[in-house]
Amino acid sequence: MSGADRPVAAAAREAFAEWVAASREGRRFGQLLVRRAEDGYELRHLADAGREDLRPLAGPAAAREIARTTEGGEHRPLKTSPNLRRGWTLRVEDERELAAALNYLYPAALVHWHLERAGRLPVTHYRETAGRQSGIYEIVRNLSDEGVQAAARAHCEDEVCLKRPLWGVDAGTPLKMEPGEGEIPCPEPCSLFISFARQITLFEREGRDASGLTASERRDLAALVEAAAAGELPPAREGEFSLPGNRRRLRYRALTLVPRLREPLAD
Amino acid sequence: MKALVIVGHGSHLNADSSLPVYEHAERIRASGEYDEVAECFWKEEPSMRHVLDTVEAGEVYVVPAFISEGYFTQQVIPRELGLEGEVTHRPDGKTVYYAGPLGTFELMADVILERAADLTAGHDLSGGRRALVLLGHGTDRNQNSSGVIYLNAGRIRERGVYDLVEVGFLDQEPEIVDVVENIPAGHVVVIPVFVAEGWHTKETIPEDLELTGEVTRRPDKTIYYGAPVGTHPAMADLIAARARELALVRG
């Protein structure tokens, strides 16, 4: 097989193994520390770098279980959310097992990392991804440019996702957000982002009352004040954008509602 | 080299949705039939958009872990995977073969019967007639959704294992509650024909049927209710068989 025909996944796996082997202390990849070991490779949470008391695990299937849920047992629909659980160390035998384990911990990240370094990673911008959607997601094509920008900041910044977005609103309109310095590029809005964009599209359809608030903003404020009075945030899962306590929804409110609330009242 | 790719719906909210896909993939991986076995999802990662780039093999068999033909198998999956039909030749040299959904495949009836047998194992089903009820979601928008339930009921009826084989739905007639209520049998085995556990299988169905657990004894009948058919280990055989049948397309 000639170099040009070589499957990109195979080239990615080899390039990654070389990259890891070239560093004595190991490489950071997302929240992982990946190191060459005597008999293969060793992975652990970056924050567990110096620890000796970690639970020893082996093989790609164990990586899948680590990746599925958070420390608290919550589902992880977006694997690059910075909520990778700690307390384990994972041994894999060889380059193939390393690639398989990484594909569970950060699905498709290895191949995207490689293609970006080679300058060959195709990028799909928001308008194209949105234009492809159907069913309940068809409405996301109506989201305004400002809506896409705010949604990306609320949904994709490093506080909530470690991927570095390469996509923009369209090819001529880059995102106005801090992309982060992570190793993992994001070549296209993900399914969770499209679901979030749907929620923001619904927000944009709302009218405003005399005080300039929308109905959902009023409901969220009421729920949040009540919750704060009771001493806890209303619970919402990571992908549960319809609830006031959802982290990304709150981030969107912080970006789009708080500045208006802080504006001095006109006479 | 050849690869199998299993496509699941996945969920932004629940880990239960993708779990059976991972488990079936692991079983098929262990069989050694494929050089690679990969999972991908509509709502989880890797996405259908990216999974084929993670596969090294040039010959790729795609099997959707969906019960019936419809919106996902006909529209969403081909669009997201960039498929042109049953066979797609990609610019990167990969050839991708795309299978239909699982529910219409002959082996589906066997998996349902295995699930039912596991559920009733160790229970005495003598005394009274034995009924099997296939529970589907159903929707008035897509006749295939209920069609596949009727198809399997018909196939199981022909085998004569149960005295009665009926169907019931959540979202269309006949409604599951009425079917279970009125069925003239002492033992009623209810099998959800769903690919994964979820809100319906864990919450709404047990509530609607007023179940107390896997076995619910009422004055007139005993009801057996368990996990959906899609979580049964035998589904892995069905997925593998679906892919094997697809390989015949190659000729």
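1. Let me begin inside chain B: across the interface of its domain 1 and domain 2, three residue pairs are in polar contact, both residues at pLDDT 80 or more. A polar contact here is a pair of N or O atoms within 3.5 Å; within protein, one must be able to donate a hydrogen and the other to accept it, and residues adjacent in sequence count only if both atoms are side-chain atoms. Helices α1 and α8 of chain B are the elements that give two or more residues to the domain 1 side of this contact, and α8(B) gives the most, with three residues. Helices (H or I, at least four residues) and strands (E, at least two) are DSSP runs, numbered from the N terminus.

2. A word on conventions: this is a predicted model, in which local features need pLDDT of at least 70 and side-chain atom pairs count only at pLDDT 80 or more, while totals for chains, interfaces and linings use all residues. Residues are numbered from 1 along each chain as its sequence is written, chains are lettered from A and ligands numbered from 1 in the order in which they are written, and side-chain values use heavy atoms, with hydrogens and water left out.

3. Staying with chain B, the domain assignment gives domain 1 (2–102 + 233–250) and domain 2 (108–231); such bounds come from an automatic or database assignment. The centres of the two domains, taken over C-alpha atoms, are separated by 27 Å. Domain 1 of chain B and domain 2 of chain B bury about 1300 Å² between them, 65% of it on carbon and sulfur atoms. Buried area is the accessible area (1.4 Å probe) that two parts lose on being put together, summed over both. On the domain 1 side, B:D16, B:I67 and B:M235 lose the most area to domain 2 of chain B, together 39% of what that side buries. B:D16 also forms a salt bridge with B:K202, the closest N and O atoms being 2.6 Å apart. A salt bridge means a side-chain nitrogen of Lys or Arg within 4 Å of a carboxyl oxygen of Asp or Glu.

4. Chain A is divided into domain 1 (3–117) and domain 2 (126–262), with C-alpha centres 29 Å apart. Between these two domains of chain A, the buried area is about 1400 Å², and carbon and sulfur atoms give 63% of it. In domain 1 of chain A, A:L78, A:T80 and A:E116 lose the most area to domain 2 of chain A, together 37% of what that side buries. Two salt bridges cross this interface. The side chains of A:R28 and A:E183 meet in a salt bridge at 2.6 Å, N to O.

5. How many residues of each chain take part in the contact between chain B and chain A? The contact (heavy atoms within 4.5 Å) involves 26 residues of chain B and 35 residues of chain A. About 2800 Å² is buried between the chains, 48% of it given by carbon and sulfur atoms. B:H12, B:E45 and B:E56 supply 27% of the area that chain B buries against chain A, more than any other three residues. Six salt bridges cross between the chains.

6. The largest nonpolar core has 85 residues, of which A:F16, A:F29, A:L43, B:L4 and B:L132 touch the most other members. Its largest share, nine residues, comes from helix α8 (residues 234–247) of chain B. A second, separate core of 49 residues includes A:L143, A:A154, B:W42 and B:A57. A nonpolar core is a set of buried Ala, Val, Leu, Ile, Met, Phe, Trp, Tyr and Cys residues joined through side-chain atoms within 4.5 Å.

7. Please also look at B:K94, in the loop between β4 (87–89) and β5 (95–98) of chain B. Is B:K94 buried or exposed? B:K94 is buried, because its relative accessible area is 4%; buried means under 20%, exposed over 50%, and partly exposed in between (1.4 Å probe, protein chains only). The side chain of B:K94 reaches the backbone oxygen of B:L52 at 3.4 Å.
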